[in-house]
There are 2 protein chains.
Amino acid sequence: MKGVLRCSANYIPLSPISFLERAALLYGDKVSIIYQNIRFSWKETHQRCLDFASALVQLGISPLDVVAAFAPNVPAMYELHFGVPMAGAVLSALNTKLDPTMLAVKLEQLEAKIILVHHQFVDVVLKALDKLRKRKFKLPTLVLIPEEEFDYQTPTPINAADLPTGSLNYNQLLEMGKLDDQFEIIRPNNECDPITVNYTSGSTGDPKGAVYSHRAVYLNSLAAIFNFNMEMTQKPVFLWTVDMFRCSGWCYTWAIAALGGTNVCLTTLSAKVIFEAIALHKVTHLCGKPIILNIIADASDTDQLIPLPSRVEIIVAGALPAPKILMTVMEMGFNISHGYGMTEVLGPAIVTPWKPDEDHHLSNYSNGVHNVMLEGIDVKDSNTMESVPFDGKTMGEIMFRSNTVMLGYLKNSEATQEAFRDGWYRTGDLGIRHPDGHIQMKDRAKDIILSKGEAISTLEVEAVLLSNPKVMEAAVVGQNEVAFAFVKLKEGCFASSKEIIKFCSENLPAFMVPRDVIFGDLPANSTGKVQKSVLRERVNFIESQDR
Amino acid sequence: MKGVLRCSANYIPLSPISFLERAALLYGDKVSIIYQNIRFSWKETHQRCLDFASALVQLGISPLDVVAAFAPNVPAMYELHFGVPMAGAVLSALNTKLDPTMLAVKLEQLEAKIILVHHQFVDVVLKALDKLRKRKFKLPTLVLIPEEEFDYQTPTPINAADLPTGSLNYNQLLEMGKLDDQFEIIRPNNECDPITVNYTSGSTGDPKGAVYSHRAVYLNSLAAIFNFNMEMTQKPVFLWTVDMFRCSGWCYTWAIAALGGTNVCLTTLSAKVIFEAIALHKVTHLCGKPIILNIIADASDTDQLIPLPSRVEIIVAGALPAPKILMTVMEMGFNISHGYGMTEVLGPAIVTPWKPDEDHHLSNYSNGVHNVMLEGIDVKDSNTMESVPFDGKTMGEIMFRSNTVMLGYLKNSEATQEAFRDGWYRTGDLGIRHPDGHIQMKDRAKDIILSKGEAISTLEVEAVLLSNPKVMEAAVVGQNEVAFAFVKLKEGCFASSKEIIKFCSENLPAFMVPRDVIFGDLPANSTGKVQKSVLRERVNFIESQDR
């Protein structure tokens, strides 16, 4: 149209950096971060991030260089989500459960220029660096995040001599940053430039580094605010029970700044920590893995806080525990929502508020609300790309298209192209479409068991197993069209395979009942997901012995 | 970065069309629109918008053609905000207070291909078309929105013979749209493509058509949700007291769809209508001009609803009425916020919750919260572009830069370039910066009176005048460095100039006290803003007579 003009007055590349700048301006004196005895204001957080960014530039970090981090949810970890992008660089917060070998592989793939490491994980990082050194890889500079990271005077408990030459510590960097009072934020030229790399759990093969853009996380941070069942707009007090290395803390890292809320940081997860934070800081929202619900439900009388100052909102992503546990947590004063998503879509893309009248403890997302930024959501035939009918039975692959989908997998064009084949992100999950348009997730495509023409959803069988009061954990895998169940019993409980099979028969159609039930600990990967491939091997082994 | 790929899986041009599609999927059976005895569901609203878009394409409307509308806040007007963009076209909802001459000028500038007109405004539109016909301008097709727009059987009260040949009615178009069951939405190729043209009030010269992009309104709709003091995320029931032709209803047209809320439509504004809607439909949010507050405060006992089912949130933009009125409205159960903005920034860009302890009834936005999408906000020297110091006294021009700023003025490159000079949108308003970073608006640049080196903010003088219990309306203009006040008294009130001047002396520094007070009706333009240029002429006239 004539007369219009795109310029810096009306077009600014979207970036969550602006959320922090606005928080510093509007909520400057409000508490941004609480950690132990530490309190920062938004003005201070803003300044610290600027200082850190300035130091990165002084260290020679160039736009799009990767800065890696290996730390729990401490304030420095929060700050990196702004400080690194403010230097034009890309943050990769790595899973602290990685062993030195896995960590080395990732640092090499990332070509990380710097690795920030929390003092409690220094050993793992040093071992990983050793491996890289042997492979003649240019080592990243180690930056230590000391325990008392906020007291410049306190010496770090780590002996500096044990660290590679040239190592620094976080506080030194902040001091260094102050030296350049002319520092200016290096903003993205293009809003589709990368801001973080988040590794997938690798439950479906090699871990892949999902690259997020400034645009995607800007939009998803705002969408994440709407994901909560209850309003999150009134300056939430957010307890960091979700790992910041998990989908950038599901983007709440940036969302809390957008709202001018308060971040309550922590390094350990326990009932005591959760209830203390609620009592002391009036926590309003938290999220993470479903294990949080078990932790809350199992709180001892002395740890519990009754009543809560006000209801607390929780979103968990992953298989829900037994309804009894959900009920207990709800009655304690928490509202529970269940998220469905994956690293590739920046966290939960569909969120379902859990209601106590649901008899099934496995929410299947069939009442789920997909996030407001998710432009396309469908269940399609993987080959023809035809949408399945809204008949509540035809199975297809769940697919998304959205500005909140990753840019792709780092240095893995093949995997990227496969994930985006035909212009949709393919989740690898199977689902059906109900007549009302809602999507119900059935199973991972590779987990589903085809038995005499019928599809057994392992998730549905697991749900029944978990509803048995003796069962702590359960996983089902298929072998030769038959289901096998792996069960970990609760402490002090006893059960036979026969007893559990009988329980399944009473609660499932005959074709879905597992042939056998095997007891013991379930093997989990670094993100806590059960490794079904290991279980399949165990079945093979048992079956071969039986023969 | 290697491995990444921008494609339709992860990049979709932002457009509010997706909000409607999502609402139809998630909230299909929920009530989308209430109007008199009419109820639509989101599924129906979605289908009606699709049908309308399909009809537009059948009528030969091409992408970026303009469809004009001249109607109050009826359901059809809401539907146009989706239906027109779904055909790739641009909507221009015009102020229904325009006279035929002004309307003709706009239709010509817009090169409107279609004008939708509500039956009650047919006369004005026919006269405007007559003017265009005389100027050999290709006439837009007239589409009548009949009173009973939802009943295909009811004949329109307008005699079809009185309309130009080829005129249609809205219901015919919806029927026509159904004929093409292959219709597909024409989505923007580029998210910066225009979606609406909203005319400014023209208080600063000729009315200008501010062009909004899909991207800007998508982002601003979400930002508008956060503008409300209380949460708006729980499916609001929104009463349409703000004109949809005003900044696209401040973008709540699209925001309500994003939330799956309910739109309560209306054609007239009165205490009875407001309280009935609250009682019947449990309205949660409304907004508009400050006169709404007077209407509510003046409600008769029979019209009032006490107590309200729950507190209702109101945002008003414009000069607030006296604190007593605000207090009354607050005590009736409403929470009040005060918005500062303009057509060029898509409505209120800064919103200040009003608190009853404020002695000043003119909120000066100094506690205001600028919207979460507003990337840049500053007070600058208009010439040097230097930011003013945070000293609470140095005056400068308030400037914004944001993705929620218009694309520019339709066919007025000169005005566009002037508005965006040096890469910021210049509001033409003067303000100061407080030490805490908050901005305080002082006055329109052209209204401020410079008196012996001191700046008199006409807004501040007006605020004091309005705090006089006898004063209904007030406006202040300057002449030769002196302030003159124009006052409209409340019904049944009497006052002399001397009395009002004395009142000002008691409440203002001497240099700010008006030299004279002139009583009578205040001249308003089509958007209800006082025409200060007319008042300045009156002062000239009075002064010349005095000489």
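## How chain A meets chain B

The side chains of R215(A) and E191(B) come together in a salt bridge, with 2.8 Å from N to O. This is a predicted model, and the count of salt bridges between chain A and chain B is 2. Helix α7 of chain A, residues 214-227, gives the largest share of the side that touches chain B, namely 6 residues.

Let's step back to the whole interface. Chain A places 72 residues in contact with 71 residues of chain B. About 5,500 Å² is buried between the two chains, and 64% of it lies on carbon and sulfur atoms. Polar contacts join 32 residue pairs between chain A and chain B, counting pairs with both residues at pLDDT 80 or more.

| Class on chain A | Count |
|---|---|
| Nonpolar | 40 residues |
| Polar | 21 residues |

Now for chain A itself. Its fold includes 16 helices and 26 strands. Chain A has a radius of gyration of 24 Å, close to the 24 Å that the globule rule gives for 547 residues, so it is as compact as a globular protein of that length. Along the principal axes, its C-alpha atoms fill a box of roughly 70 × 65 × 55 Å. Of the 547 residues in chain A, 61% are buried. Among contacts in chain A with a separation of 6 or more, 69% are between residues 24 or more positions apart.

Technical notes. Residues are numbered from 1 along each chain as its sequence is written. Chains are lettered from A and ligands numbered from 1 in the order in which they are written. Side-chain values use heavy atoms; hydrogens and water are left out. Contact means heavy atoms within 4.5 Å. Buried area is the accessible area (1.4 Å probe) that two parts lose on being put together, summed over both. A salt bridge is a side-chain nitrogen of Lys or Arg within 4 Å of a carboxyl oxygen of Asp or Glu. A polar contact is a pair of N or O atoms within 3.5 Å; within protein, one must be able to donate a hydrogen and the other to accept it, and residues adjacent in sequence count only if both atoms are side-chain atoms. Helices (H or I, at least four residues) and strands (E, at least two) are DSSP runs, numbered from the N terminus. Ala, Val, Leu, Ile, Met, Phe, Trp, Tyr, Cys and Pro count as nonpolar, Asp, Glu, Lys and Arg as charged, and the others, Gly among them, as polar. The radius of gyration is taken over C-alpha atoms; the globule rule is 2.2 Å times the number of residues to the power 0.38. Buried means under 20% relative accessible area, exposed over 50%, partly exposed in between (1.4 Å probe, protein chains only).
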